[in-house]
Each structure stands twice: as C-alpha cells, then as structure tokens.
Amino acid sequence: MGETTVTTREGHDRAAPHSVTDETAEGNGRVVKGLLRRVRAPRRPRLWFEILLIAISYWTYSLIRNAVPEQKAEALRNADWLWKAEHSLGIAVEESVNHTVNSVTWLIVGMNYYYATLHFVVTLGVLVWLYRSHPGRYAATRLTLFATTAVALVGYYLYPLAPPRLMNGGDFVDTVMVHHTWGSMASGDLKHVSNQYAAMPSMHIGWSTWCGLTIFALATVPWVRVLGLLYPVATLVVIVATANHFWLDAVGGLMCLAFGFAVARLWYGKLPYALPKLVPVQGQGGPLLPVKP
C-alpha cells in the first residue's frame, strides 16, 4: 500500500504543472476575450477626440492621396481603356450629359459648387447627427467611412486614372475652367495642390452613398429618408456632368463602401445600423442615455 500511495502522489505532482498551465491559459483567454468585448462595445464618443480624429484623418488622407505619384501617361492610358470599355457596355454617355448640362449656365455653375462643397458639408453634418442622436452607432458607422476612405487610397496608387475632362482627344468640357468657378480641387489654381489623376474610385460617390444609407436607415421622417436616397443619385449626376468622373469610377466608390461595411461588420459583429441607438453611462449595466458633449 505504501508504494501505491507514493505512486499516486507522484502522479499528482506530475499532473499539477499541467493543470496550472491549463488554468493560466484559460484565464488569459478570458482576459483577451474580455478586452476585445470592451474594445468592441459601443461607447459614448467624446467630442474633443472625434474632432481631433476627423481632422487628423482627413489631413492624412489628403496627404497620402496627393503624395501618390501623378503617373500621367498611365492615367491617360487607363482613361482611354475605361472609355472604350464603357462604349462596349453601352454606357458611355458622359460626354452627352456633360455637354447638355453645360448648356444651362445656372445649372452647371450650381453643380460646380455642389461638387466643391456638399461632399464635405453633408458628410460632416451626418457625423454630427450620429454623434448627437445615435451615439451607440456612431463609432461603427464612422469606422465604415474611414475604412472606405482608406481602401480608396490603395485604388489611387494602383490605378491612376485621368478624369474625362483631361482625356486625350476627348471633347469634354471642364466646367470649372469655362465658368470660372471653384467646383473642383483639380482645376484652376488648386490643381497644383491636388492629384489630378486620382479619379478611381470616386469618393464623392463613396461618401454620399454612406450618407444616404445612414440617413435612410436611421431617420424617422419619411421625406428625410427619401432625400437620403436621392443624395447619392444627385451626386452621381454631378460628378458626370462636371466631367470629373466616369460612371465606372462610381462603381469603384461603391466597392470601397462595401469593404467599409464589411470591416465594421467583422469588428462589431453587426452592421452599424443594427447596434443600440444609445450607450450605457457606466459599464454594461448603466442606464442608457443619449450622448452629451
């Protein structure tokens, strides 16, 4: 019996380190899962942090976009190929739209200013609305926008593309130059600080569709939801009428937006609009309240 007792104790001694290791691994796993759950959990956005983040992000986006080499020859070749591809698909009507709208001075001038301003004004307005009214969905929806913009930078680098108004042998009208407005960062004096050959994908479409879907999904007033859907449609007409983009540039913008939604879905486990509208003040069990600056 003595030998049996000794053997059993030795067996326990040998098993003890293994049990401790298992418990340690399980504990570490719980810690990692807990940290991920805390990081992914919707929380109240902080005004100062969001302003700083948006400012730095847009500055970085502009810096990288404009730092991409202006590969003029390749960009013009790509534009010629894309134009031929659209002809083969039967959708190459940009030139007709451009000339038709350009014949109505007040309309094309309005579109020039639309192109220059609403891209930023509406996007920032939707971010502010989300921050104030949907704090629980704000971070995920903002992540969608940031991921969309980030992948667009890859497109600018890998596929330089001249806009229609800069094509060789094209008959497009540069509406900003003709009507002396400032509707494009790539025309007039501003062309020296902006990459003119970063037309694919179109972030006017990526951002406006993000705005439109967000408004449609979260607004409660019917006519506002309709306006949300009409906004990217109007933007599509504007970018074509002003000869800043091809139709297929818009397709590229939508593909980038789909990537942005996929990133948010993977990180939060749900689409941004399916997350809770409000967030707890303290931890998981705190009362749900709207955000305050």
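Over which ring does the charged end of Arg142 sit? The charged end of Arg142 sits over the ring of Phe146, 5.8 Å from the ring centre; for a charge to sit over a ring, NZ of Lys or CZ of Arg must be within 6 Å of the ring centre and within 35 degrees of the ring normal. Welcome to a short tour of this protein. This is a predicted model, in which local features need pLDDT of at least 70 and side-chain atom pairs count only at pLDDT 80 or more, while totals for chains, interfaces and linings use all residues. Residues are numbered from 1 along each chain as its sequence is written, and side-chain values use heavy atoms, with hydrogens and water left out.

**Overall layout**

- The protein has ten helices and two strands; helices (H or I, at least four residues) and strands (E, at least two) are DSSP runs, numbered from the N terminus.
- Read from the N terminus, the order of elements is α-α-α-α-α-α-α-α-α-α-β-β.
- Of the 293 residues, 42% are buried; buried means under 20% relative accessible area, exposed means over 50%, and partly exposed lies in between (1.4 Å probe, protein chains only).

**Aromatic pairs**

- A search of the whole structure gives six aromatic pairs. Rings of Phe, Tyr and Trp (its six-membered ring) pair if their centres lie within 6.5 Å, and planes under 30 degrees apart count as stacked, over 60 as edge-to-face and the rest as tilted.
- One of them joins Trp83 and Phe246 in a tilted arrangement, at 6.0 Å centre to centre and with 45° between the planes.
- This pair links distant parts of the chain, 163 residues apart: Trp83 belongs to helix H3 (residues 72-89), and Phe246 to the loop between helix H9 (222-241) and helix H10 (247-268).
- Trp83 and Phe246 are both buried.
- Phe120 and Trp207 make an edge-to-face pair, because their ring centres are 6.5 Å apart and their planes stand at 80°.
- Phe120 lies in helix H5 (residues 105-133) and Trp207 in helix H8 (residues 203-218), so this pair ties together parts that are 87 residues apart in sequence.
- How accessible are these two partners? Phe120 is partly exposed at 30% relative accessible area, whereas Trp207 is buried at 7%.
- Ring pairs also link Trp83, Phe172 and Phe246 into a cluster.

- Phe216 is found in helix H8 and is partly exposed, with a relative accessible area of 32%.
- The charged end of Arg225 sits over the ring of Phe216, 4.2 Å from the ring centre.
- Val221 lies in the loop between H8 and H9 and is partly exposed at 36% relative accessibility.

**Salt bridge and cysteines**

- The count of salt bridges is one, where a salt bridge is a side-chain nitrogen of Lys or Arg within 4 Å of a carboxyl oxygen of Asp or Glu.
- Arg165 and Asp174 form a salt bridge, with the closest N and O atoms 3.5 Å apart.
- Arg165 is buried at 10% relative accessibility, and Asp174 is buried at 15%.
- The count of disulfides is zero, a disulfide being a pair of cysteine sulfur atoms within 2.5 Å.
- Cys211 is buried at 0% relative accessible area, and Cys256 is buried at 9%.

**Backbone points to check in the viewer**

- A cis peptide bond joins Met200 and Pro201, with omega about 5°; Pro201 is found in the loop between helix H7 (175-179) and H8.
- His180 is a residue other than glycine with a positive phi, near 55°. His180 is found in the loop between H7 and H8 and is exposed at 71% relative accessible area.
- Ala243 has a positive phi of about 65° although it is not a glycine. Ala243 has its place in the loop between H9 and H10 and counts as buried at 0% relative accessibility.
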